[in-house]
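Please work through the following exercises with the structure at hand. Each task is followed by a solution in steps.

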Amino acid sequence: MFGKSSKINEFRLWGLMFTLFGMGLMILGTAGIVFWGQAGKVFAAIFMVIGMIAMLASVGVYFWAGMLSTSAIILNCPECGRHTKMLGKTDRCMYCKTKLTLDPAQATDLDDEDEAEVEEVKGTQPQA
């Protein structure tokens with residue numbers, strides 16, 4: 001279960017990673033001035049530009065995650081009872097990491113009682 005998260009949280013994690021990577025590159029570039037003096041300015045400039053590109057990528061990822069979040073389905077998690085957002089056919093709870101689905105064909109963790117109820121429902125529906 002470690003490492004699995006909801007899709008929106010995964011996108012946000014990538015945005016955070018781009019932010020930290022960009023800031024780290026900019027700090028590393030500034031260290032070039034400290035170590036090499038005037039000659040390190042070129043090193044610093046190159047790393048500043050690459051770091052700013054990574055920061056702009058993080059802004060794009062955060063914007064994309066925000067746009068996906070606005071169109072996500074909001075539902076109550078059956079395990080923790082909290083409101084969570086779901087993208088696609090299957091996703092995980094943002095809080096307790098429980099697997100969620102709206103498609104009965106994707107649900108695999110059915111108990112014997114649940115399977116009997118599904119069979120009853122299939123038997124009572126008119127055939128097309």
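Patches are made of residues with over 30% relative accessible area and no salt bridge, where like charges are joined within 9 Å and nonpolar side chains (Val, Leu, Ile, Met, Phe, Trp, Tyr) within 5 Å. A salt bridge is a side-chain nitrogen of Lys or Arg within 4 Å of a carboxyl oxygen of Asp or Glu. Accessible areas come from the Shrake-Rupley method with a 1.4 Å probe, and for residues only the protein chains shown count as cover.

The model is predicted: local features need pLDDT of at least 70, side-chain atom pairs count only at pLDDT 80 or more, and totals for chains, interfaces and linings use all residues. Residues are numbered from 1 along each chain as its sequence is written, and side-chain values use heavy atoms, leaving out hydrogens and water.

**Exercise 1.** State which residues make the nonpolar surface patch, and which helix gives the largest share.

*Solution.* Step 1: Leu 13, Trp 14, Leu 16, Met 17, Phe 18, Leu 20, Met 23 and Tyr 62 make a nonpolar patch of about 760 Å². Step 2: helix α1 (residues 7-36) supplies the largest share, seven residues; helices (H or I, at least four residues) and strands (E, at least two) are DSSP runs, numbered from the N terminus.

**Exercise 2.** List the residues of the largest nonpolar core.

*Solution.* Step 1: a nonpolar core is a set of buried Ala, Val, Leu, Ile, Met, Phe, Trp, Tyr and Cys residues joined through side-chain atoms within 4.5 Å. Buried means under 20% relative accessible area, exposed over 50%, and partly exposed in between (1.4 Å probe, protein chains only). Step 2: the largest such core has five residues, Leu 75, Cys 77, Met 86, Cys 93 and Leu 100. Step 3: Cys 77 is buried at a relative accessible area of 3%, and Cys 93 is buried at 0%.

**Exercise 3.** Determine how many disulfides there are.

*Solution.* Step 1: a disulfide is a pair of cysteine sulfur atoms within 2.5 Å. Step 2: by this rule the count is zero. Step 3: Cys 77 is in no disulfide, its nearest cysteine sulfur, that of Cys 96, being 3.5 Å away. Step 4: the sulfur of Cys 93 lies 3.7 Å from its closest cysteine sulfur, in Cys 77, and is therefore too far away for a bond.

**Exercise 4.** Decide whether Thr 98 is buried or exposed, and name its contacts.

*Solution.* Step 1: Thr 98 lies in the loop between β3 (90-92) and β4 (99-101). Step 2: its relative accessible area is 18%, so Thr 98 is buried. Step 3: apart from residues up to four places away in sequence, Thr 98 touches Cys 77, Glu 79, Asp 91, Arg 92 and Cys 93, where contact means heavy atoms within 4.5 Å.
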